[in-house]
Protein chains: 4
Amino acid sequence: MVKVTVWNEFLHEKQDDEVRNVYPDGIHNALAKGIGTDGFEVRIATLDQPEHGLTEEVLANTDVLIWWGHMGHDQVEEAIVERVHARVMNGMGLIVLHSAHFSKIFKKLMGTGCDLKWREADEKERIWTVNPAHPIAAGIPEYFELEREEMYGEHFDIPAPDELIFVSWFEGGEVFRSGCTFFRGQGKVFYFRPGHETYPTYYNENVLQVIKNGIRWAAPSGAAAPVRGNHQPLEEIKAK
Amino acid sequence: MVKVTVWNEFLHEKQDDEVRNVYPDGIHNALAKGIGTDGFEVRIATLDQPEHGLTEEVLANTDVLIWWGHMGHDQVEEAIVERVHARVMNGMGLIVLHSAHFSKIFKKLMGTGCDLKWREADEKERIWTVNPAHPIAAGIPEYFELEREEMYGEHFDIPAPDELIFVSWFEGGEVFRSGCTFFRGQGKVFYFRPGHETYPTYYNENVLQVIKNGIRWAAPSGAAAPVRGNHQPLEEIKAK
Amino acid sequence: MVKVTVWNEFLHEKQDDEVRNVYPDGIHNALAKGIGTDGFEVRIATLDQPEHGLTEEVLANTDVLIWWGHMGHDQVEEAIVERVHARVMNGMGLIVLHSAHFSKIFKKLMGTGCDLKWREADEKERIWTVNPAHPIAAGIPEYFELEREEMYGEHFDIPAPDELIFVSWFEGGEVFRSGCTFFRGQGKVFYFRPGHETYPTYYNENVLQVIKNGIRWAAPSGAAAPVRGNHQPLEEIKAK
Amino acid sequence: MVKVTVWNEFLHEKQDDEVRNVYPDGIHNALAKGIGTDGFEVRIATLDQPEHGLTEEVLANTDVLIWWGHMGHDQVEEAIVERVHARVMNGMGLIVLHSAHFSKIFKKLMGTGCDLKWREADEKERIWTVNPAHPIAAGIPEYFELEREEMYGEHFDIPAPDELIFVSWFEGGEVFRSGCTFFRGQGKVFYFRPGHETYPTYYNENVLQVIKNGIRWAAPSGAAAPVRGNHQPLEEIKAK
C-alpha cells in the first residue's frame, strides 16, 4: 500500500467557470479518483488548509506527494517548502505536474530556473515514449495523443534528467522533455508535463496510467539512511 | 511472480576442489537457493545443456536472466548470444555477475572492451551505496564488507552506467563501479561485481539482497513494443 | 590542428542522378569542403578503396572519423569495423551521420538494434537545442529548420545518450533525439541525425557548424591509457 | 583567452599559522599562480572585498569562476549568491573546490544537501580516472596520489553527476566521487574534491592540471540564449 498525498493549490477551480466545469471538485479530487485504491491509499491537501495541509505528520505518513500548482506558487510558505524538501531528501517521492515546473519546491530541487516556452492554443500534443524499458512507461503505447493541451516548449531549463522517458511533439513546431526522473538525496522526483487546468487531461487513461506508474516508481527505496559528518577516527579503523 | 533463470557455466565447480568446497552444487544452485521463492519462480541452466539450456522456449518464459561465467566464455555459441541479446532488446532483464563482465553477451550489450584490473589476494572489499534512492539499494546498509574477495579495479571499460548504485573500495588501493544499471532496448541490465568462485560471496545476505532487488528492478516494464521502419505516409497523416 | 577523416560509402552519388545533382563530388567532398581548413586537416576515404581507405596508418593519423553510409553497410568488412572500433576504444573520435545509425560500427558501439522510424516525404524538420551549455551547440540558434528532410522518429533504439543536445520535430508528428554523445572507452562518439542523400543538408550552415563543433568535442582527450588485467601484487603494495 | 576569477574566502590563512605556512599569500594566489597565463587571464576576489569582489562588472567579465570556501559560507550575502547563480544560468562556468561543497552557491545549484563524511587524519588519497575519454582527464595518469589529505566519503549528497570523471580511494576505507560535472542552464559546473587548507594540495601538478582542464571545459559554450515564456501564436505559425 503506497501512501499518496495529492496536493493542489485549488485556486483556478474556485475562480474560473471554465476550469470548474472541467474539474468541479478540483484537480486534486479528479487525480485522487483517477489514481484509485488498487495498491494506493490516497489523501488530499490544499493551499488553504493550515500549513497547506502538509504538516509534519502528514508528510511523515506520505510515501509519494503529488504537486499541482500554478497561480498560487508565491503563496506557498517557505517553511513548508523546506519541510517538503527535507522529506524528499529523506526518501519521499515527489511527482510534479504541469505548471508546477515553476513551484518553489521544484525549483529548489532542480537548482535551475525551470522556465520554458508556452502557448495556449487548443493544440494537439503527442507524447512519445523514448525509454520503453522504464517502469513509468508500463502499459503505455509507443505514443498517445491529447487532442487539446497547452504547449510547453524547449528549452526547458532543468538539469539533464537522470532518465528521460517521454518527449512531446506539438502541432505548432515545438518539442518538450515531458517525462523526466531525478534522483535527489534518498528521494525520487518525477516531472510529468500534461495537465493544463482548462482541459480534461486528468481523466485521460494514459495520463492516469503514467501517474500511477510514477507513484510506484517514486515510492521510498528502503535503503539505509547515509551517515554523514565527522567520521570514525582512522586510529580506530587501523586498530581493528 | 518474476520468472528467473540462473545461468552458470558450471566449470570451476567440477574441476577445482577449492571451488567445489564452497559451492558443492554449483554457483547456480547456491544462487537459486539464495534468491528463494518469495515472489520468484527460479529455474537453472548451464553451459553443458543442449543450447546451453537457453532454448527459445526457456527465454520466452524468462523475465530475468542471471549470468555467471568465467573460463568458459568462448564456449558459448554465437547463436545463443544472439538469442539472449534479442530477448533483452525485447524486454527481458539481465543480471551480469562478477567475471561475466567478459561474457560475450555483456560485451555485445556494452559495445566496449569491458576489461578491468584484477588481483587475487584474499583482500577486503567494502561496497558503498552511492545512490540511496535506488530500489536496488533497498535494505542495504550504507556500506557492507566482504572479508575476502578478488579485487576488481578501474578503469572498468564500460559505457557510463545509466545509474551508478555501488562503488567498491579495496584494501590494496583500488576503487570500482560495482553496481551499474543500463537500459538497453526494451530491456534492463544490471551488473554487480562480487562473486569470485573461491569465496562464499553468494551466501552473503547483503549480496543476495542486492541480487533480489536487481531481479525486481530488471523485470520487464510492460511498455508497448516500439514500431520501427517505414512509417505511415505523410499524406495519410495530413488527410486526418 | 585536428586530423579529420571523412568516410563515405559513395554509392548513391554514382548510381542515382537525383543524388548526384545534389552532391556531384560525393557527400564526402561536400563535407570536407564544408568543414574547411580552419583548425582542421581533412582527408577523405571511401568504401571502394583498399581496406575502405581505413588502413592502420590512416586511422593512427586520424583524430576524428566522420562516417556516412546507407545502402552499403553490409559491404563494410568486419576486419575494418574491428579496426575502427579498436581505434575508438583507443581515443579516436567518431561522428556518425544520418543513415549511418545502421552502420556496423555504430551498432557495435551501441550494443542495441539502432533501428528507428523513417519516412521520405519532403518534410520540414526543426532541430531544437535542449542543452545550450554544451560546446556542440556553440553558435547554433535555439532551433533551426531544414525545409525538406527525411523523417526519423522514436523510438530510436540506442542506449540513453550520455548527453542529449538536439531533439528534432517533424511535420508529420514525430520527434527524434537528433544530437547524442556517447563516451566509449577512451573515445567519444557523436551521432547527428540530418543528411538524407537527396537533400542539400550538408550545405546548410547550421548543420556544418554542428559537425565542426562535434569534431572539436570528439578529438582525443589526451588522458593516460588505463592499464588493465592482472595487477600489482598486494604484498608489494603493503611493503611500500 | 579564458577570463578566470579565483574566489577565496581567505579566512583560514589569516587566522591559522599552520595554514599560512602552506599558503602564505592565500589559497587564491596559489591557485592563480598555479593556473598560470597560458591561455588564461586570471584575477582574484575575496570575501572581505566590497560585494565579495563579485560585482556585476566582474562577473560579466568572467568566463569561469573558481570557488574556495569553508568557515565563511554563512558570511556570503544572499544577493551575491543570486548574482553568481544568474550568471551561471547565463553561461558562466563554475569550478567548486573541496569544502565549497557546502557553499551556498553549490547547494543552490545542486538542490540537495551536499553533505558528506569527513575525517582529518593525514590520510593518503588515490584519485582514479573513471572516464579517460573526458577532456578534464587530459594529461592525468590513470591514478595519482596525494600523500596527505582530508578524507571525504560517500554518500556525497549531490544529484548524480552528468559526467563522473574521478573517484577517490582513502586509506581508511572510504570512496568518493571526486570529479563531477553538471550542466546547469547555459552554464557548466565542475566539482573537484581535493584541497584541504592545511595541505599543499594546490601546488600538486596533477591537481593544477585538472583545474586547468576544468576551466577549459567550463568556458561558455556560445550557444544562443533560449527564449522562454509566452510563445508565438499558433495562428501566425499556421499562416506561414
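User: Why is the meeting of the side chains of B:Arg177 and B:Glu154 called a salt bridge?

Analyst: In this predicted model, the side chains of B:Arg177 and B:Glu154 meet with N to O at 2.9 Å. The rule asks for a side-chain nitrogen of Lys or Arg within 4 Å of a carboxyl oxygen of Asp or Glu, and therefore this Arg and Glu pair at 2.9 Å is called a salt bridge. Side chains of opposite charge can pair when their charged atoms come close.

User: What makes this pair a tie between parts of chain B?

Analyst: B:Arg177 lies in strand E8 (residues 175-184) of chain B, while B:Glu154 lies in the loop between strand E6 (143-153) and strand E7 (163-170), so the pair ties together parts that are 23 residues apart in sequence. As for accessibility, both B:Arg177 and B:Glu154 are buried.

User: How do you know that C:Lys124 and C:Glu145 form a salt bridge, and are these two residues buried or partly exposed?

Analyst: The closest N and O atoms of C:Lys124 and C:Glu145 are 3.6 Å apart, and because the limit is 4 Å, the pair counts as a salt bridge. The pair links distant parts of the chain, with C:Lys124 in strand E5 (residues 117-129) and C:Glu145 in strand E6 (residues 143-153) of chain C, 21 residues apart. C:Lys124 has a relative accessible area of 22%, and C:Glu145 likewise has 22% relative accessibility.

User: Why does C:Arg184 count as buried, and which residue does its side chain meet in a salt bridge?

Analyst: The relative accessibility of C:Arg184 is 1%, which is under the cut-off of 20%, and therefore C:Arg184 counts as buried. Its side chain meets that of C:Asp162 in a salt bridge, at 3.6 Å from N to O. C:Asp162 sits in the loop between E6 and strand E7 (163-170), and C:Arg184 in strand E8 (residues 175-184) of chain C, so that distant parts of the chain, 22 residues apart, are linked. Elsewhere, salt bridges that share partners join A:Glu51, A:Glu56 and A:Arg83 into one network. Over all chains, the structure holds 63 salt bridges.

User: What makes helix H3 of chain C mostly covered?

Analyst: Seven of the nine residues of helix H3 (residues 27-35) of chain C are buried, namely C:Ile27, C:His28, C:Ala30, C:Leu31, C:Ala32, C:Gly34 and C:Ile35. What covers these buried residues includes strand E1 (2-8), helix H1 (12-15) and helix H7 (205-218) of chain C. The helix is followed by C:Gly36, whose phi is positive, near 75°.

User: How do you know that the span of helix H5 of chain D agrees with its number of residues?

Analyst: At 1.5 Å a residue, the 12 residues of helix H5 (residues 78-89) of chain D should span 16 Å, and the end C-alpha atoms are 16 Å apart, which agrees. Among the buried residues of this helix are D:Ile80, D:Val81, D:Arg83 and D:His85, and what covers the buried residues includes helix H4 (56-60) and helix H6 (104-110) of chain D. D:Gly91, whose phi is positive, near 125°, follows the helix.

User: Why is the relation of chain A to chain D called that of a two-fold axis?

Analyst: Chain A can be laid on chain D by a turn of 180° and a shift of 0.0 Å along the axis, with an RMSD of 0.0 Å. That is the relation of a two-fold axis. Among the residues of chain A, A:Gly111 comes closest to the rotation axis, its C-alpha being at 2.5 Å. Furthermore, 100% of the interface residues of chain A are also interface residues in chain D, so the copies meet through the same surface.

User: What is the area buried between chain D and chain C, and how many salt bridges and polar contacts does the rule find across that interface?

Analyst: About 2,100 Å² is buried between chain D and chain C, and carbon and sulfur atoms give 53% of this area. In chain D, D:Pro132, D:Ala133 and D:Glu142 lose the most area to chain C, together 27% of what that side buries. Across the interface, the rule finds zero salt bridges, whereas 10 residue pairs are found in polar contact.

Note on methods: Residues are numbered from 1 along each chain as its sequence is written. Chains are lettered from A and ligands numbered from 1 in the order in which they are written. This is a predicted model: local features need pLDDT of at least 70, side-chain atom pairs count only at pLDDT 80 or more; totals for chains, interfaces and linings use all residues. Side-chain values use heavy atoms; hydrogens and water are left out. Copies are superposed by least squares on the C-alpha atoms of residues with pLDDT of at least 70 in both. Contact means heavy atoms within 4.5 Å. Helices (H or I, at least four residues) and strands (E, at least two) are DSSP runs, numbered from the N terminus. The expected span of a helix is 1.5 Å times one less than its number of residues. Buried means under 20% relative accessible area, exposed over 50%, partly exposed in between (1.4 Å probe, protein chains only). Buried area is the accessible area (1.4 Å probe) that two parts lose on being put together, summed over both. A polar contact is a pair of N or O atoms within 3.5 Å; within protein, one must be able to donate a hydrogen and the other to accept it, and residues adjacent in sequence count only if both atoms are side-chain atoms.
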